[in-house]
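User: I would like to learn how to read the features of a model. Can we go through one together, step by step?

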Amino acid sequence: MFTKFRRKTTTLFLDPYMEKREYPKDRKFHIILSPSLYWVKKVQLPVKYIREVKKLLPSLFEDILPQGHFSYSVYKEGESYYIFAYEDKKIFDLLSSVGIASTDILGVYFAQAELDMQEDVYQINQKQVLYKKDDILIVAPKVWFKEVKPLDLSQHSIVSSKISLQQYGHIVDKGSLYKLAALVVMLILVVGMEIFITKAKISEIEKLESGVFTRYKLLPTMMQNKAVLAKYTKIYQLQTKLRAYLELFLKMPLQSTQKITLVTYKNALLHVSISNVSQKDEKKLFEKFVAQKIAYKTKYTKDGVDVEIML
Amino acid sequence: MNQLNPLHVGALLLVLLIFSFVKLHEVKGELQTVQHHYKESEKLAVKLKSLKNVYANKKKTKRSLERILKQPSLRKADLQVEKTKTHIIIKSASLHTRELNSLMGKVLNGNYNIVELKIKKLNETDASLYMEIQW
């Protein structure tokens, strides 16, 4: 009922001088790299494991590689190590120029590892051939050989492990990228921790605030509490002023004939009547009121003066 | 063999870093607001408690006024005391100035909410009094 769609695969020998041609869109590729696209050495090293060799690879190619960003690979055959250096960008650029997208590539392999050639000489483009010398596959001019065979990979089965190409290796060094990424991730984690700690502090302070409301029996909203506080603050201010102004009246430099006859206070209005006071006494009697910038009103009558102060 | 562009990964990490810093800034701002709010609430609560203790403590006001009125200097004074749910009224048609000074000295030195006061001199030694205190 269901048919599984499987895309066709082609094994392609990738060479800088290969002929350009159109490939069907539904095709996937195994790419075998021409020796023109890598540097290879067969070496014998006093180490046991491939991972130990990998660390040495840049230094083993140090003297022969030109300027550029290289990746390295190694495999072991018998007692010897075959070590490789290649430029990822150069390979990707070549694949792109022959119309193969990186998404269509199933794997990339070295011709050295993939092709078992023995004594044969294979033509890889119009001017060059591929042959083996001292166990190393090399590219040579076609004119050196009389007999050459066409390189036919239509029946070829992949035998070696694929290599991983670093598509963006030329932009950023992998090691530096990892270090930088690790640093940024660490920073993000530190900031994340700080956010977490700060949120915990917020929660703690909110609990404390809620405790204040319970402990002091406050009303549910701050607006209500502020209104109550304003009411009591007003009372406090009025009572303080009332006492302070009454004290000023009681300490007035009155003459023996001058007496306070009436004191009333209601709705924040203080009224005081003093007998036998004329307008010419005002400056002397109200000196402290003026000095303290207390606003007062006076009304002189035949009995004396009526003073009014709005608290 | 499609691989992620390291610049895209770097940009993503940078965006994440910027986002986390922005978030941290927001949270720090929130912390400052909460701290400010907490301090304000605590300050308000302490202030309100002390003011209520002075002006809204009926029991305390009643007890201290009764103590004043029982003073030896006021024992013989012709004082009328009326108590309502919200007020206490102390009045006298005629009170000796000595008794008036004693009473007013104590009331004015205490924390009472005097809402109405009327003292009228009747003669050289006497005065009338009307004083309403809210509790």
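**Reading the model, feature by feature**

Analyst: Start with contact range. Residues 24 or more positions apart account for 57% of the contacts in chain A with a separation of 6 or more. Keep in mind that this is a predicted model.

User: How many helices and strands are there in chain A, and what percentage of its residues is buried?

Analyst: Chain A has 7 helices and 14 strands. Of its 311 residues, 18% are buried.

User: Now the two chains. How many residues of chain A are in contact with chain B?

Analyst: On the chain A side, 49 residues are in contact with 41 residues of chain B. Next, see which elements supply that side. Helix 4 (174–215), helix 5 and strand 11 (260–266) of chain A each give at least two residues. The largest share, 19 residues, comes from helix 4 of chain A. By class, the side of chain A that touches chain B holds 30 nonpolar, 10 polar and 9 charged residues.

User: How do I read a pair of packed helices?

Analyst: Two packed helices are described by the angle between their axes and the distance between the axes. Here, take helix 5 (residues 222–250) of chain A and helix 1 (residues 6–55) of chain B. Their axes come within 10 Å and cross at roughly 45°. The crossing is left-handed.

User: Which residues make the contact between helix 5 of chain A and helix 1 of chain B?

Analyst: From helix 5 of chain A they include Met222(A), Leu229(A), Tyr232(A) and Tyr236(A). From helix 1 of chain B they include Leu44(B), Leu48(B), Leu51(B) and Tyr55(B). By class, this contact has 10 nonpolar, 3 polar and 3 charged residues.

User: Next, the sheet. What is the order of its strands?

Analyst: The order is 13(A)-14(A)-12(A)-11(A)-3(B)-4(B)-2(B)-1(B). It is an open sheet of 8 strands with antiparallel pairing.

User: Which strands stand at the edges?

Analyst: Strand 13 (297–300) of chain A and strand 1 (80–83) of chain B do. Each has a single partner strand, so one side of each is left without a neighbour in the sheet. Neighbouring strands of this sheet are turned by 15° against each other on average, direction ignored.

User: Where do the chains join within the sheet?

Analyst: Look at strand 11 of chain A and strand 3 (residues 113–121) of chain B. They pair in the antiparallel sense over 5 bridges. Val263(A) stands opposite Ile119(B) in strand 3 of chain B.

User: And what does strand 2 of chain B pair with?

Analyst: Strand 2 (residues 87–96) of chain B runs antiparallel to strand 1 of chain B, joined by 4 bridges. Strands 1 and 2 of chain B form a hairpin with 3 residues between them. Strand 2 of chain B also pairs with strand 4 (residues 126–134) of chain B, antiparallel, over 8 bridges.

User: Which residues stand opposite Ile89(B)?

Analyst: Glu82(B) stands opposite Ile89(B) in strand 2 of chain B. In strand 4 of chain B, the bridge partner of Ile89(B) is Glu132(B).

Key
Residues numbered from 1 in each chain as written. Chains lettered and ligands numbered in written order. Predicted model: local features only at pLDDT ≥ 70, side-chain atom pairs only at ≥ 80, totals over all residues. Buried ≥ 20, exposed ≤ 12 C-beta atoms within 10 Å, placed from the backbone. Contact = placed C-beta atoms within 7 Å. Axes fitted to C-alpha atoms, helices over the stretch in contact; angles between N-to-C directions. Left-handed = near helix turned anticlockwise from the far one by under 90°. Nonpolar A, V, L, I, M, F, W, Y, C, P; charged D, E, K, R; others polar. Pairing = 2+ DSSP bridges.
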